[in-house]
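Work through the exercises below with the sequence and the model open. Each task is followed by its solution in steps.

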Amino acid sequence: MSGFRSHMEAALAEARDAAARGEVPVGAVIVAPDGRIVAAAGNRTRELNDPTAHAEVLALRAACAAAGSERLPGHDLYVTLEPCPMCAAAISFARIGRLYYGAEDPKSGGVAYGARVYAHPQCHHVPEVYDGIGAEPAARLLQAFFAGRRG
């Protein structure tokens, strides 16, 4: 991956904004093949009263609307937390080329844990997956958020 430039910091900024809104701090950005960020979002499930308003889904909706297509081949998605099964499936449906995620999610993940969506023969498109990018700051943000809710 010569010339690789991570966009995880932009996803982390979206996650911090989500936390400031009282949402679970997950952020996502979608990067076009030319390296431009074409969509960015943080979780908005509580704000929108919508259980599907995860950062990844909101970013996919915005990027697809901007592209005028339901598919985003060659695009990269950066997300601060391992996608859940719903988001992993949406990423596949959108034909995202590469998925980069930060913190792992043993409880609710759908890529390396749990449903492992991309391992199923019914999965029609499997993106390249790179985990652990920005994992430490993403995990710290989530831990701080949930510690504040418990205490």
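A crossing is left-handed if the near helix is turned anticlockwise from the far one by less than a right angle, and right-handed if clockwise. The model is predicted, so local features need pLDDT of at least 70 and side-chain atom pairs pLDDT 80 or more, while totals for chains, interfaces and linings use all residues. Residues are numbered from 1 along each chain as its sequence is written, and side-chain values use heavy atoms, with hydrogens and water left out.

**Exercise 1.** Describe how helices α3 and α4 cross, and list the residues in contact.

Step 1. Locate the helices (DSSP runs of H or I, at least four residues): α3 covers residues 55–67 and α4 residues 85–93.

Step 2. Their axes come within 9 Å and cross at roughly 25°. Angles under 35 degrees count as roughly parallel, and α3 and α4 are therefore roughly parallel to each other.

Step 3. The crossing of α3 and α4 is left-handed. E56, V57 and L60 of α3 meet M86, C87, A90 and I91 of α4 (contact means heavy atoms within 4.5 Å).

**Exercise 2.** Is D76 buried or exposed, and which side chain does D76 join by a polar contact?

Step 1. D76 lies in strand β3, residues 76–81 (a strand is a DSSP run of E, at least two residues).

Step 2. The relative accessible area of D76 is 10%, so D76 is buried (under 20%; exposed is over 50%).

Step 3. The side chains of D76 and R98 form a polar contact of 2.9 Å (N or O atoms within 3.5 Å, one able to donate a hydrogen and the other to accept it).

Note on methods:
Axes are lines fitted to C-alpha atoms, for helices over the stretch in contact, and angles run from 0 to 180 degrees between N-to-C directions. Angles under 35 degrees count as roughly parallel, over 145 as roughly antiparallel, 65 to 115 as roughly perpendicular and the rest as oblique. Buried means under 20% relative accessible area, exposed over 50%, partly exposed in between (1.4 Å probe, protein chains only).
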